[in-house]
Amino acid sequence: MGSRFISAVAFYGPKTGRLRELLAVVQALIAEHVGADFRPYSLEQVHATLIALNGVRDPQTGAIVNEYLLAHEGVRREMDLPRVMDILARRFAAPMRVRIGGFRPDHEIPFTSRGQHLAERTFSVQDQAFVLMGWPADSLAGAGRPLDELRREMNQANVLHRYHVHATDVDNDLHLVVGHHAGAPPGALARATAAVRDRLAADPVDLTIGRTDVKIVAADSHTLAPPLFVGDIPAAEGSLLGLLSSCRSNKWD
């Protein structure tokens with residue numbers, strides 16, 4: 001088979017309250033400017049990836065090793081899935097507060113994201129994807145980087161975060177893809193981007209991620225749809241290994 005994608009994500013599944021309102025408004029604004037070129041995700045499909053658990057089979061040992069640890073560092077270590085679950089359960093035992101929106105280009109901000117102002121990063125078109133971005137409330141108040149710390153702690157379970165290519169890399173972003181476009185004109189994309197950014201600047205959304213909001217999802221598409229598995233944490237190691245048992249190995253032989 002080809003790729004199998006397994007991730008720990010937030011907000012996968014039915015949406016309610018402010019999150020559902022936010023996604024509906026954002027998708028409506030995109031559709032208004034992009035029209036038939038917009039390919040929205042279903043609301044159930046929209047999610048925020050916390051850490052990818054993609055694995056490949058080590059042809060030498062048969063163990064399932066972390067894809068990004070192997071790709072970026074050439075290290076073949078079996079993922080410690082029980083430890084992954086322990087880290088997630090502990091990190092979200094107390095809900096993490098996050099904010100999407102509330103930033104204008106002329107506002108002072110406590111940090112940048114990938115060198116960009118938060119007003120720009122709050123909503124953008126990345127390749128063909130429409131991406132919403134939020135950040136932990138603690139970070140906005142100048143008190144640490146909870147998401148980056150979570151992702152970095154996963155190294156103890158032999159899991160490397162996709163965007164931690166170098167030891168100094170920081171990824172404290174919470175991103176949600178809300179859909180893609182099929183070759184929309186640049187002008188339409190620019191208008192959609194400006195409309196969503198203006199709306200978010202004027203009407204920020206505060207959310208919380210608790211333990212029950214975190215799911216382990218597996219699929220044969222990076223969009224995580226349709227899902228092959230959706231489970232709460234802690235997900236059983238045997239179930240995850242079963243999903244990974246047919247993952248590719250020859251790419252790394």
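Where does N158 lie? N158 sits in the loop between α6 (146–153) and β9 (174–181). Helices here are DSSP runs of H or I with at least four residues, strands are runs of E with at least two, and both are numbered from the N terminus. Keep in mind that this is a predicted model, where local features need pLDDT of at least 70, side-chain atom pairs count only at pLDDT 80 or more, and totals for chains, interfaces and linings use all residues. Residues are numbered from 1 along each chain as its sequence is written, and side-chain values use heavy atoms, leaving out hydrogens and water.

Back to N158: its phi is positive, about 60°, although N158 is not a glycine. F11 is another non-glycine residue with a positive phi, near 75°. Look for F11 in the loop between β1 (5–10) and α1 (17–34). F11 counts as buried because its relative accessibility is 10%; buried means under 20% relative accessible area, exposed over 50%, and partly exposed in between, with a 1.4 Å probe and protein chains only.

Now for some cis peptide bonds. One joins A225 and P226, with omega about -10°, and P226 is in the loop between β11 (214–219) and β12 (227–232). Move on to the bond from I233 to P234, which is cis too, with omega near 5°. P234 belongs to the loop between β12 and α8.

Helix α8 (residues 237–244) is where you'll find E237. With 35% relative accessibility, E237 counts as partly exposed.
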